[in-house]
Amino acid sequence: KTMSDEEVIYFFSESKSMSKSVENSGAYKSVQITCARRLSAFLGADSYLTAEGLSCHMFIANKPHGASTTERAVPVKIFSAEYDIKKMWLRRWLGDTGLTEFDMRDIIDWNYYRDRLCAVFLKLIVIPACYQNISNPCPRVAVPDWLRKR
């Protein structure tokens with residue numbers, strides 16, 4: 001471990017607010033709704049489903065494999081729970097009954113966060129550089145075909 005749990009949470013977790021309650025969101029799907037439902041189940045508090053303006057603090061998990069990002073939101077609060085509680089909920093949410101590693105570093109979808117970071121570098125650095133005829137200053141960030149053809 002090179003970062004403390006608090007540092008991992010600070011740098012990689014996301015906080016998203018809900019303007020409507022989960023109940024009023026209908027069939028709409030979002031990471032906030034998934035997180036609120038999971039937080040409600042984990043804490044045994046139905047008030048999370050009826051509250052408007054709820055702020056959801058979460059990570060995007062690397063499981064279940066093939067599931068959409070929306071279905072992989074995990075509330076950060078679970079990582080401060082007792083081991084057996086954390087184990088039960090993470091196994092359920094990640095769809096892996098044989099899961100044995102419950103450290104947040106093993107749960108986080110690092111590829112998802114790398115892709116998001118690359119998208120930011122692309123917008124802020126790579127595209128402006130290409131428009132100024134400067135070679136890609138971030139070689140680990142791929143230049144899109146449409147930009148390369150310009």
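This is a predicted model: local features need pLDDT of at least 70, side-chain atom pairs count only at pLDDT 80 or more; totals for chains, interfaces and linings use all residues.

Modeller: Residues are numbered from 1 along each chain as its sequence is written, and side-chain values use heavy atoms, with hydrogens and water left out.

Biologist: What makes β1, β2 and β3 an open sheet, and how are they paired?

Modeller: The three strands lie in the order β1-β2-β3 with antiparallel pairing. Strands are DSSP runs of E with at least two residues, helices are runs of H or I with at least four, and both are numbered from the N terminus. In β2, C56 is the bridge partner of K16, while in β3 P75 partners M58 and A73 partners I60.

Biologist: Why are β1 and β3 called edge strands?

Modeller: β1 (14-17) and β3 (73-75) each have a single partner strand, so one side of each is left without a neighbour in the sheet.

Biologist: Why is the pair of F12 and W110 called edge-to-face?

Modeller: Rings of Phe, Tyr and Trp (its six-membered ring) pair if their centres lie within 6.5 Å, and planes under 30 degrees apart count as stacked, over 60 as edge-to-face and the rest as tilted. By this rule there are seven aromatic pairs. The ring centres of F12 and W110 are 4.8 Å apart and their planes stand at 85°, so the pair is edge-to-face. F12 belongs to helix α1 (residues 5-12) and W110 to helix α6, so the contact ties together parts that are 98 residues apart in sequence. F12 and W110 also form one aromatic cluster with Y112 and Y113.

Biologist: How do you know whether F59 and F79 are buried or exposed?

Modeller: Buried means under 20% relative accessible area, exposed over 50%, and partly exposed in between (1.4 Å probe, protein chains only). F59 has 2% and therefore counts as buried, and F79, with 12%, is buried as well. By contrast, F12 at 24% is partly exposed, as is W110 at 33%. The rings of F59 and F79 have their centres 5.9 Å apart and their planes at 75°, so this pair is edge-to-face.

Biologist: What makes the contact between R105 and D5 a salt bridge?

Modeller: A salt bridge is a side-chain nitrogen of Lys or Arg within 4 Å of a carboxyl oxygen of Asp or Glu. For R105 and D5 the closest N and O atoms are 2.7 Å apart, and eight salt bridges are found in the whole structure. R105 lies in helix α5 (residues 104-107) and D5 in helix α1, so the pair ties together parts that are 100 residues apart in sequence.

Biologist: Which other residue joins R105 and D5 in a network?

Modeller: R105 forms a salt bridge with D103 too, with the closest N and O atoms 2.9 Å apart. Salt bridges that share partners join D5, D103 and R105 into one network. Of these residues, R105 is buried at 17%, whereas D5 at 28% and D103 at 22% are partly exposed.

Biologist: How do you know that R72 and D109 qualify as a salt bridge?

Modeller: Their closest N and O atoms are 2.5 Å apart, and both R72 and D109 are buried.

Biologist: What makes the nonpolar surface patch, and where does F121 stand in accessibility?

Modeller: The patch of about 430 Å² is made by L117, V120, F121, L124 and I125. Patches take residues with over 30% relative accessible area and no salt bridge, joining like charges within 9 Å and nonpolar side chains (Val, Leu, Ile, Met, Phe, Trp, Tyr) within 5 Å. Accessible areas come from the Shrake-Rupley method with a 1.4 Å probe, and for residues only the protein chains shown count as cover. F121, in helix α6 (residues 110-131), has 31% and is therefore partly exposed.

Definitions and conventions: Two strands pair if DSSP finds at least two bridges between them.
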